[in-house]
Amino acid sequence: MEFFINKNATLPLLKMQIVKDGRSDYNEFMSLIEKASISFSMIDVETGLPRITSKTGGFVSKTFIDPDTPPEYYIFYKFTKRDTSKVGRYEGQFMLKTDQGTLIVPIREKLYINVTDSFISDEICCDDQSYLQPCPPSTPCPVCPSQTPIPSPSVTPTLTTTSTPTPSVTPGDLNVNLIVEVMSGSVICNYKLILSRPLDQTVSLGTIVQLGLLSGGTYDTPGITIFVPAGSLSGETTLFLNDLEYGDLSAESTLIVTQLSPSGYSYEVFGQVIFQFPLPTPTPTNTSTPTPTLTSSETPTTTNTSTPTPTLTSSETPTPTPTPTPEDNPIDPIITDTDEYISVGDGFYLRYIE
């Protein structure tokens, strides 16, 4: 399967039709695609180096005027100028990741993308008003006459210099900055690898991100490799985590580097994980201290027990007496046959008199 596109072009779209071959449930397969995350990758056939790594693709349906005509479905990828900036022959693949697994297409035959050279410039050329607006020197046009530019007054701008600390890098050293941006939907991890200087060979870094969970523990992402092509300063890729919800994450994370190449360099790796919006930080749970229980050998706290107030029987009538002074407080209360005290009120009792 051959696809052609010009250098620095973004059209046409790369489309692959979903073929109804009768050997599988077509409607079920389309329902599966609607829930899948679609990504596209492309490698150079000659060098084997990746040109595009897991960039987001999509799917679209083609409807017809006749309502009885079944729709046609396509998966697609839209190229950027950076994707097509290098002439060559590439092999492309789509990856459909669902809850049921991962599908890589095409299946029966390989997909080749041919980026061909073009003589068309993307800068606008002059028209019959060329004398008023000549073409820039970088894109000469045969219509424009040669003109001697009129020098403009020289203005020296005032520059404000801000000192920025630059990491010390020897010829054999390389600073590597890995940035992972975590976004919702359900969870999307966008990896970006930035070098302190370009190399004449591809740099690759493998990593695993441990994302903290509000429920405790961590979620370890699948291992991802980010490539920086030769002569470039950065590379990026995207990972979709459909089995994880963004609201389940805490603000804690750990980056683990599993692989770094090529060899022969002294690397210093800086890692950073950025969340799309603030996430809650786990709050420590307060544990209540139990109150100790006294054992049989310990002395318990003494509790005051009130003495019950004696009551009068229905047959007894108290005789009013003057309130005694403190020295006349009753000493010997009368004890009746029923073993009851005879109270006269206010806590005083009748004195026994022979």
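**A hairpin to begin with**

Start by selecting β7 and β8, which form a hairpin with two residues between them; strands here are DSSP runs of E, at least two residues long, and are numbered from the N terminus. This is a predicted model, in which local features need pLDDT of at least 70 and side-chain atom pairs count only at pLDDT 80 or more, while totals for chains, interfaces and linings use all residues. Residues are numbered from 1 along each chain as its sequence is written, and side-chain values use heavy atoms, with hydrogens and water left out.

Strand β7 covers residues 88-98 and β8 covers residues 101-105, and the two run antiparallel, joined by five bridges.

**An open sheet**

Next, select β2, β6 and β5, which in that order make up an open sheet of three strands with antiparallel pairing (two strands pair if DSSP finds at least two bridges between them). Because β2 (14-17) and β5 (58-62) stand at the edges with a single partner strand each, one side of each is left without a neighbour in the sheet. Between β2 and strand β6 (residues 72-77) there are four bridges, and lysine 15 is found opposite phenylalanine 76 in β6.

**A buried loop residue**

Finally, select threonine 202, in the loop between β11 (187-195) and β12 (203-213). Is threonine 202 buried or exposed? Threonine 202 counts as buried because its relative accessibility is 16%, where buried means under 20% relative accessible area, exposed over 50% and partly exposed in between, with a 1.4 Å probe and protein chains only. Leaving aside residues up to four places away in sequence, threonine 202 touches Leu49, Phe227, Val228, Pro229, Ala230, Ser261 and Pro262, contact meaning heavy atoms within 4.5 Å.
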